[in-house]
Structure formats: C-alpha cells, structure tokens
Amino acid sequence: MNVQTVETAPIEGQKPGTSGLRKKTAVFMQPGYLENYTQAIFDGIGGIDGKTLVVGGDGRYFNDVAIGTILRMAAANGAAKCIVGRGGILSTPAASHLIRKRGADGGLILSASHNPGGPNADFGLKYNGPNGGPATEGVTEKIFARTTEIDAYRILDGGDVDLDTLGNSALGAMQVEIVDPVADYAELMGTLFDFEAIGGLFKGGFRMAFDAMHAVTGPYAHEILEQRLGAPAGTVMNGVPSPDFGGGHPDPNPVWAKTLMDVMYADDAPDFGAASDGDGDRNMIVGAHCYVSPSDSLALLADRAELAPGYAVGLAGVARSMPTSAAADRVAEAKGMAHFETPTGWKFFGNLLDAGKVTLCGEESAGTGSNHVREKDGLWAVLLWLNILAVTGKSVSELMAEHWATYGRNYYSRHDYEAVDSAAANKLVADLRARLGALPGQSAGGLTVSGADEFSYDDPVDGSTSSGQGIRIYFDGGGRVVFRLSGTGTDGATLRVYLEQLETDPAALDKDPQEALSGIVAAADELAEITARTGRSAPDVIT
Ligand code: VG1
Ligand code: CO
C-alpha cells in the first residue's frame with residue numbers, strides 16, 4: 001500500500017452550514033468530492049499527523065463506502081489511529097462520548113441527521129473537536145477556506161478495513177480499532193440516571209413506545225430500554241437502521257413521526273412516547289394524548305433535572321438557542337440560575353459547557369443535552385424524562401400542567417416553508433432587515449410591534465462575534481416572531497418562522513398552540529409578506 005498524492009482543484013459550494021457539510025448523496029459521491037472535503041478538514045485543523053480520530057455515522061446510504069475512503073485518507077495523512085463504530089455506526093452523541101472518553105483529537109461524523117437518506121436523498125460530514133463537540137465557527141471557517149484553495153489530497157492506493165469485526169488491525173502505518181458502538185454510551189447513561197427506579201416503572205406495568213424511525217438509535221434503544229431497563233420487547237418501534245430510513249424523514253416531530261403520534265393519541269395510548277432522529281441527537285417527547293414542545297421539554301428538564309442522580313448537585317445554568325422559547329429562562333430566573341441565548345446550532349453551546357457556565361442546553365428543533373457530552377442527545381433526554389416520571393410518579397400531562405401553572409406557558413410553534421426559491425427567500429430577509437428600524441410602533445395582525453432587531457452573539461468565553469443570526473420582532477403583550485433561513489437544507493432555501501406568545505392567565509393555559517398564536521402568525525405574514533413573496537399560502541411543516 002502506497003500513499004498517493006492526487007492533484008485536485010477546489011469544488012464550489014463546500015461551505016459547511018449549521019451542522020457540517022450537507023449535500024445530496026449524488027453530489028457527495030462525485031469523484032473527488034468527499035476526498036476534497038475530508039482533506040480540507042485535515043488541513044483546516046492543522047494536519048492529523050500522529051493524531052487519533054473517532055469515525056462513525058448514522059448508517060445511511062454511502063456511510064460504509066465513505067468511511068473506507070476516510071480511513072485510507074487518514075492513514076495517508078499520518079494519523080496514528082482511528083476508532084470506528086462497528087459497521088461504521090455511531091450515533092452523534094455516542095461519537096461525542098467516545099472522543100471524550102478516549103481522549104481522541106477529534107472525530108468525523110457522517111450524517112445528514114434528520115434529512116432523508118438514500119441515493120436520491122442527503123448525505124453529510126462534520127468534524128468534531130477534542131472536546132467532542134462540533135467545530136467552533138473559527139475552525140469551520142478554516143476548513144471552508146481550505147476547500148477554496150485545495151490542490152491535492154492524500155490517500156492510500158489500496159487497503160480495506162473489515163468494519164464488522166471488533167478489534168484492532170492495521171491500515172498502512174495506522175491502527176484501526178473497531179468498537180461496539182453502544183457499550184460505552186449505555187454505560188455512561190447508567191451513571192447519570194437511576195436505572196433501578198426506571199426499571200421499577202416498567203415492572204409496574206408502565207408502557208412506553210419509542211420510535212427509532214429506522215435510524216441509528218435502534219440498537220441503542222433496544223439495549224438500554226429493553227435489555228437494561230426491562231421494558232417489554234416491542235417497546236422500540238422501527239428499531240433496525242436502514243440505509244434510507246425506511247423511505248421516511250427521520251425527523252422526530254409530529255409531522256414526520258406520525259406513526260408514533262397515532263399510537264400516543266389512540267384510546268389505549270401508552271404512558272410515554274419518544275422518538276429520535278437519523279443520527280440520534282434529537283428527541284421528541286409525547287405523553288398519552290400530550291405532545292410536549294421541545295422548548296417546554298427543555299424548561300421542564302431544567303426545572304426537575306435534580307431528580308436524576310447525575311444532576312443531583314443542581315445545574316450551573318441553562319442555555320438555549322435564540323429561536324427557542326423563553327420557557328427555560330423563566331425556570332432559570334425563578335431558580336436563580338444563569339441562562340444564555342446562543343445562535344442556532346450545537347457548536348455554540350460547547351464553550352459554555354467547557355467553561356462550566358451551563359449544565360443543560362436545548363433547541364426548539366428537538367435537541368436537548370447536557371455537559372455529559374458535547375452534542376445534543378436524544379436518548380439521554382428520553383432517560384431524563386423517564387427518571388423524572390419514575391421519581392414523581394406523575395404523568396406527562398400532569399407534569400406539564402403543573403409546569404405551566406407555576407411558570408406560565410410560552411405558546412410556541414415553528415412554521416417551515418421548504419424548497420423556496422433562494423433568491424426570493426434571501427430578498428425577504430434582506431428587505432425585513434432594511435426595515436427593522438421602522439417597525440416599532442407599526443401594527444400588524446391586530447398587534448403592535450414593540451421592538452425589532454437582528455440577533456448577534458458575543459461568545460462570553462472566547463470573545464468571538466457571530467452576527468446575522470435571525471431577525472426578531474417583538475409585540476406588545478409578550479409575543480415574538482423570528483425569521484431565519486435554514487443552514488441544513490439541500491433544496492433551495494427553507495424559511496423558518498418561529499412564533500411565540502407568553503400566557504400567564506391560569507384560565508388560558510389549555511389552548512391549542514396554533515389558535516393561541518394566530519395573531520402572531522397573521523402579523524408575521526403581514527410584516528414579511530410571506531405569502532406574496534414565496535407564493536405559498538401555508539407552511540410545508542408545522543411543528
Ligand atoms: C436545524 C435546526 C437546528 C439544529 C440543526 C442541526 O438547523 O434548526 O436547531 O441545530 O438543524 O440539527 P437549520 O439551520 O436547518 O435551522 V441535526 O439533528 O440536523 O444535526
Ligand atoms: Co440530528
């Protein structure tokens with residue numbers, strides 16, 4: 001086996017978005033495409049000579065082939081070792097944990113997360129640093145800069161690794177260790193949660209439905225929920241990962257996890273339902289006839305995390321992404337905890353977690369996590385909920401009703417307009433930006449604008465600034481709408497409209513969120529001219 005240096009030229013569009021580089025699978029499979037980006041990562045982080053990397057992905061189409069290429073490139077670039085999940089599988093939180101546990105220098109995670117998979121769907125690749133978290137903005141910029149000037153990549157001219165056999169082997173001068181993707185992660189969960197108490201729930205006849213959505217959490221959920229916690233076989237639905245996620249969108253929300261929603265809203269609904277996404281970092285929580293919005297879930301977990309052994313000492317603070325509702329802030333304020341507001345994307349939580357400023361983090365897009373890893377973690381959130389249910393003996397709907405009675409309710413919804421013409425979407429945002437100063441005092445949808453700005457974040461740890469992170473418009477009476485363009489889509493532009501209205505009247509906590517938000521929805525359309533500019537009369541996805 002020899003190291004080959006292959007001449008190449010920059011490929012346009014290799015710009016990482018909210019969470020690494022995401023493109024159509026066919027784009028990633030073009031000759032040199034994966035190779036260029038992988039070499040740009042290696043160069044962008046200052047080379048990988050003598051380093052140890054963790055490599056794994058969510059098992060989607062092209063995962064195994066891409067891992068073969070990445071391993072041959074890592075060896076040719078002088079890496080000392082790659083630690084790889086068996087079969088090329090690692091959930092994103094399990095990869096984050098493995099990087100931290102083994103003291104690795106970083107990792108490559110192959111996933112397009114909640115985006116569909118398959119030859120005609122999406123693929124993705126991202127680099128996580130030695131803290132186990134997604135590359136910071138600074139590192140991401142270096143990787144992107146490298147893609148624009150790359151002239152060669154290095155790869156072994158042969159050599160195959162059997163991804164299915166546990167243990168060590170050599171690839172050129174590099175060592176490859178194939179590890180069980182589940183074991184270390186399951187062990188970590190056992191240190192954070194009271195498995196005996198949760199096991200007791202199941203022994204007592206508590207029923208749960210977990211939808212792995214044909215994605216990576218299947219093996220993790222089978223092992224943890226059914227094997228270690230004793231939930232009956234069949235608790236985990238769609239638990240065998242498939243390269244195209246059974247043809248579905250592995251996105252845990254009421255639209256794409258409809259199978260689970262139907263189970264949870266049936267007459268004989270189980271006590272607790274949950275789902276996770278393609279790469280296992282998101283979670284959806286639903287009680288019997290009771291969907292919990294991710295923003296509310298974060299707030300409830302922030303309020304009650306102390307009931308789990310791993311958080312018994314209390315939380316240092318809580319962070320949420322800007323478009324996430326302020327429900328968690330209300331808990332933090334009541335408890336005298338620090339709280340932070342960051343741009344969208346998990347990479348912004350890393351510094352706060354590393355500095356010990358926060359213990360819990362969350363996003364409205366069904367991401368919740370803590371300082372146990374540096375990624376959001378779907379099954380972790382599910383287990384924290386189970387621990388709280390076991391200790392309190394209350395149902396999900398009882399817990400939510402108590403929560404709203406104590407803190408008020410931040411009615412919340414996100415409306416997504418997908419595959420919109422990019423130019424039209426960019427112009428919508430640019431025109432709003434230009435009018436921000438003129439908005440206060442204006443009325444729209446029967447509401448009066450009280451303030452408007454564009455979110456810019458000053459990282460309190462490294463002092464960096466990230467601007468242009470979403471347009472916020474506030475209304476008299478505690479309402480807010482946020483406009484942002486997605487950084488994970490692969491078709492045109494996706495306009496995300498985040499709607500929120502605080503309600504503290506005890507008699508008004510039980511409304512349908514879309515009804516409670518109808519005024520804000522009308523105001524949003526009027527101010528941004530969504531219908532007129534996108535040609536859409538309704539959002540494609542409402543969560
Ligand atoms: C979306 C979500 C964001 C999340 C990101 C990655 O980004 O809104 O909250 O961090 O996906 O999640 P965007 O730019 O499309 O809004 V995952 O589970 O896809 O890694
Ligand atoms: Co994900």
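Contact here means heavy atoms within 4.5 Å of one another, and on that basis Val 236 touches Phe 210, Ala 212, Gly 218, Ala 221, His 222, Leu 225 and Glu 226, residues up to four places away in sequence being left out of the count. The model is a predicted one, in which local features need pLDDT of at least 70 and side-chain atom pairs count only at pLDDT 80 or more, while totals for chains, interfaces and linings use all residues. Residues are numbered from 1 along each chain as its sequence is written, chains are lettered from A and ligands numbered from 1 in the order in which they are written, and side-chain values use heavy atoms, without hydrogens and water.

**Val 236**

Val 236 lies in strand β11 (residues 236-237), strands being DSSP runs of E of at least two residues and helices runs of H or I of at least four, both numbered from the N terminus. Its relative accessible area is 7%, so Val 236 is buried, a term that means under 20% relative accessible area, with exposed meaning over 50% and partly exposed what lies in between (1.4 Å probe, protein chains only). Leu 225, one of the residues that Val 236 touches, is 11 residues from it along the chain, and the two C-alpha atoms are separated by 7.9 Å.

**The chain as a whole**

The protein chain has 18 helices and 27 strands, and buried residues make up 58% of its 543 residues. For 543 residues a compact globule would have a radius of gyration near 24 Å, and the 23 Å of the protein chain agrees with this; the radius is taken over C-alpha atoms, and the globule rule is 2.2 Å times the number of residues to the power 0.38. Along the principal axes, the C-alpha atoms fill a box of roughly 70 × 60 × 40 Å. Of the contacts between residues at least 6 apart in sequence, 71% join residues at least 24 apart.

**Helix pairs**

Two packed helices are described by the angle between their axes and the distance between the axes. Axes are lines fitted to C-alpha atoms, for helices over the stretch in contact, and angles run from 0 to 180 degrees between N-to-C directions.

| Helix pair | Crossing angle | Axis distance |
|---|---|---|
| α2 (residues 33-44) and α3 (residues 63-76) | roughly 45° | within 10 Å |
| α6 (residues 183-192) and α8 (residues 217-228) | roughly 45° | within 10 Å |
| α10 (residues 294-304) and α14 (residues 396-407) | about 85° | 11 Å |

Tyr 185, Ala 186, Glu 187 and Met 189 of α6 meet Tyr 220, Glu 223, Ile 224 and Arg 228 of α8. Within α6, the buried residues are Asp 184, Tyr 185, Ala 186, Leu 188, Met 189 and Leu 192, and their cover includes α4 (92-101), α7 (195-203), α8 and α13 (378-392).

The crossing of α2 with α3 is likewise right-handed, and its contact is made by Leu 34, Glu 35, Thr 38, Gln 39 and Phe 42 of α2 together with Ala 66, Thr 69, Ile 70, Met 73 and Ala 74 of α3.

Notes. Left-handed = near helix turned anticlockwise from the far one by under 90°.
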